[in-house]
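The following questions and answers concern how secondary-structure elements pack against one another in a single chain. Please consult the sequence and the structure while reading.

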Amino acid sequence: MTTRYTQAEWGTIINEAEKDIPSSFPEYKAPILGTPDFANCIDHTLLKLDANKDQIDELCEEAKTHQFRSVCVRSIWVERAVHNLQGSGVLVACVVGFHEGTHSVSDKVKEASQAISAGALELDMVMNYPLLKQQRYSQVYTDIAAVRNVAPHPVVLKVILETAQLTQFDIIAGCKVAEAANADFVKTSTGFGGQGATVENVRLMKSVVGPHMKVKASGGVKTVNECVSMMEAGAERIGTSNGVWIMKEALALLEDTTHAAGGRDRKNSRPSDSLTRMFSSS
């Protein structure tokens with residue numbers, strides 16, 4: 001596969017993008033809390049290595065109950081999730097090159113191909129961010145483009161930058177390389193590589209990709225307030241293992257808004273870990 005630009009051309013593209021970063025950022029409108037549009041922004045996630053079939057089944061049932069956009073799982077669980085979710089409208093997303101991102105191009109292509117064959121309609125691939133930090137942009141581009149080649153539209157391709165490991169310049173560069181490779185989303189984090197999503201990084205990523213791509217915030221998003229903050233910063237998708245709790249909070253707030261007066265007795269206690277599945281964030 002040929003590279004799209006020379007090293008000098010990559011440098012020009014990235015430097016121009018850095019110059020275009022605004023001094024202030026717009027605030028985006030989040031969907032109304034607790035509504036189907038709000039739930040449709042959530043990728044309900046379970047990526048722990050020791051996840052078992054019962055937990056995957058529960059994840060899928062929760063996704064169906066709340067009508068989340070997708071469940072996001074490792075490749076070993078794609079076929080089971082697809083079976084569980086058949087006819088529900090909930091999609092299956094599979095991680096690729098997770099979580100280090102340093103897998104060979106051929107391994108990522110194989111994993112992506114197998115996931116699609118098993119029924120995954122979305123891929124969350126980890127960028128080879130060590131190469132990005134070394135400014136080896138053509139190799140990073142080839143990595144993403146190879147996965148895109150075996151996962152053409154309508155498969156949705158999200159590229160995880162692992163922002164906690166990157167400088168601001170690296171984040172800008174990662175966004176531009178992912179855009180050049182025709183990815184659909186840039187995503188903040190795996191949830192396994194340091195600090196997860198931050199409002200500042202989501203704003204930066206959205207300012208770089210503009211209307212050409214979407215942003216997914218993931219890693220450490222555990223409450224409805226954090227979720228809304230990410231959406232207002234420009235995220236159109238939220239990856240979280242805490243979707244059930246976020247929806248519980250969102251529905252309670254929606255009820256408070258709809259029924260401002262009234263003496264109902266609502267418990268404010270956080271649901272059990274078996275419901276929130278607080279294994280990891282993605």
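A crossing is right-handed if the near helix is turned clockwise from the far one by less than a right angle, and left-handed if anticlockwise. The model discussed here is predicted.

Q: In which sense, left-handed or right-handed, does H3 pass H4?
A: Helix H3 spans residues 53–66 and helix H4 spans residues 78–85, and the two pack with their axes 10 Å apart at an angle of about 40°. That angle makes H3 oblique to H4. The sense in which H3 passes H4 is right-handed.

Q: How many charged residues does the contact of H3 with H4 have?
A: H3 contributes Lys53, Ile56, Asp57, Cys60 and Lys64, while H4 contributes Arg80, Ala81, Asn84 and Leu85. Sorted by class, this contact has four nonpolar residues and one polar residue, and the number of charged residues is four.

Q: How are H9 and H10 oriented to each other?
A: The axes of H9 (residues 199–209) and H10 (residues 224–233) come within 8 Å and cross at roughly 25°. Angles under 35 degrees count as roughly parallel. The orientation of H9 and H10 is therefore roughly parallel.

Q: Which residues of H10 do Val199, Val202, Arg203 and Lys206 in H9 meet?
A: H9 passes H10 in a right-handed crossing. By class, the contact of H9 with H10 has four nonpolar, one polar and two charged residues. The residues of H10 that are met are Ser229, Met230 and Ala233.

Q: How many nonpolar residues does the contact of H1 with H8 have?
A: From H1, Trp10, Ile13, Ile14, Asn15, Ala17 and Glu18 meet Phe169, Ile172, Ala173, Lys176, Val177 and Ala180 in H8. One polar and two charged residues belong to this contact, and the number of nonpolar residues is nine.

Q: What is the bridge partner of Ser70 in S3?
A: A closed barrel of eight strands runs S1-S2-S3-S4-S5-S6-S7-S8, with parallel pairing. Within this order, S2 (residues 70–73) and S3 (residues 91–96) pair in the parallel sense over four bridges. In S3, the bridge partner of Ser70 is Leu91.

Q: What angle does the direction of helix H7 make with that of S4?
A: Helix H7 (residues 137–150) packs on the sheet. There H7 touches strand S4 (122–126) and strand S5 (156–160). The angle between the direction of H7 and that of S4 is about 160°.

Key: Residues are numbered from 1 along each chain as its sequence is written. This is a predicted model: local features need pLDDT of at least 70, side-chain atom pairs count only at pLDDT 80 or more; totals for chains, interfaces and linings use all residues. Side-chain values use heavy atoms; hydrogens and water are left out. Axes are lines fitted to C-alpha atoms, for helices over the stretch in contact, and angles run from 0 to 180 degrees between N-to-C directions. Angles under 35 degrees count as roughly parallel, over 145 as roughly antiparallel, 65 to 115 as roughly perpendicular and the rest as oblique. Contact means heavy atoms within 4.5 Å. Ala, Val, Leu, Ile, Met, Phe, Trp, Tyr, Cys and Pro count as nonpolar, Asp, Glu, Lys and Arg as charged, and the others, Gly among them, as polar. Two strands pair if DSSP finds at least two bridges between them.
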